[in-house]
Amino acid sequence: MDESVPPSEGHADDAAAPEVTAALDGDVSRVTVTGELTEAARRPLVRAVTDQMLSVPTLSRLELHLDQVTFMNSAGMAVLVQLQRMTQPRAVTVALVSPPAAVARPLQLTGLWRRFEVVDDEAGPADAGGSPVSGAQAPRPDGPDGRSA
């Protein structure tokens with residue numbers, strides 16, 4: 001099931017609104033974002049993920065394909081966190097697939113990088129034999145609050 005969510009109409013941010021496409025593969029949702037990940041991305045991304053969650057009650061994984069994202073600001077980071085919070089009650093894993101430096105670097109600098117599973121598209125998911133991108137969630141030797149035990 002492929003569906004495309006057009007940029008919202010009638011808003012001043014239309015020039016920066018990304019193209020969002022969503023596809024289902026069993027209990028995995030693949031959402032591709034092309035363009036800028038800013039406040040203008042909130043509505044189309046939330047709509048696409050909500051539609052996917054409503055159409056597949058057993059959804060287990062949301063893969064955000066971000067390799068075509070050219071820019072991300074703090075509002076874009078907030079959108080990613082919002083998507084993770086939306087899916088958390090249903091235990092849906094949110095994975096960032098092939099994030100470019102424009103996405104990875106701000107997430108790393110803010111510490112949000114650790115909240116997401118990050119995978120290299122060519123290697124596949126880490127649990128399927130692929131390797132997570134550097135900085136992805138990995139067991140930490142220190143405690144959950146960052147202090148040694």
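Reader: Where does pLDDT stay under 50, and how many contacts beyond four places in sequence does the model have there?
Author: This is a predicted model, and pLDDT stays under 50 over residues 125–144. The model has 30 contacts beyond four places in sequence for that stretch.

Reader: OK, and what does the protein chain average?
Author: The average pLDDT is 81, with 70% of the residues scoring at least 70. Residues 5–13 are below 50 as well, and that stretch has 12 contacts beyond near neighbours in sequence.

Reader: Which elements have the lowest and the highest mean pLDDT?
Author: Strand β1 (residues 2–5) has the lowest, at 52, and strand β5 (residues 93–97) has the highest, at 97.

Reader: Switching to helices. At what angle do α1 and α2 pack?
Author: About 15°, with the axes of α1 (residues 42–55) and α2 (residues 74–87) 10 Å apart. Angles under 35 degrees count as roughly parallel, so α1 and α2 are roughly parallel to each other.

Reader: Who makes the contact?
Author: From α1 it's Arg42, Leu45, Val46, Val49, Thr50 and Met53. From α2 it's Ala75, Ala78, Val79, Gln82, Leu83, Met86 and Thr87. By class, the contact of α1 with α2 has nine nonpolar, three polar and one charged residues.

Reader: And α3, which residues are buried there?
Author: Val103, Ala104, Pro106 and Leu107 are buried in α3 (residues 101–110).

Reader: What do the buried residues of α3 pack against?
Author: They pack against β4 (61–72), α2 and β5.

Reader: What follows α3?
Author: Glycine 111, with a positive phi near 85°.

Notes:
Residues are numbered from 1 along each chain as its sequence is written. This is a predicted model: local features need pLDDT of at least 70, side-chain atom pairs count only at pLDDT 80 or more; totals for chains, interfaces and linings use all residues. Side-chain values use heavy atoms; hydrogens and water are left out. Axes are lines fitted to C-alpha atoms, for helices over the stretch in contact, and angles run from 0 to 180 degrees between N-to-C directions. Helices (H or I, at least four residues) and strands (E, at least two) are DSSP runs, numbered from the N terminus. Angles under 35 degrees count as roughly parallel, over 145 as roughly antiparallel, 65 to 115 as roughly perpendicular and the rest as oblique. Contact means heavy atoms within 4.5 Å. Ala, Val, Leu, Ile, Met, Phe, Trp, Tyr, Cys and Pro count as nonpolar, Asp, Glu, Lys and Arg as charged, and the others, Gly among them, as polar. pLDDT is the predictor's confidence in each residue, from 0 to 100. Buried means under 20% relative accessible area, exposed over 50%, partly exposed in between (1.4 Å probe, protein chains only).
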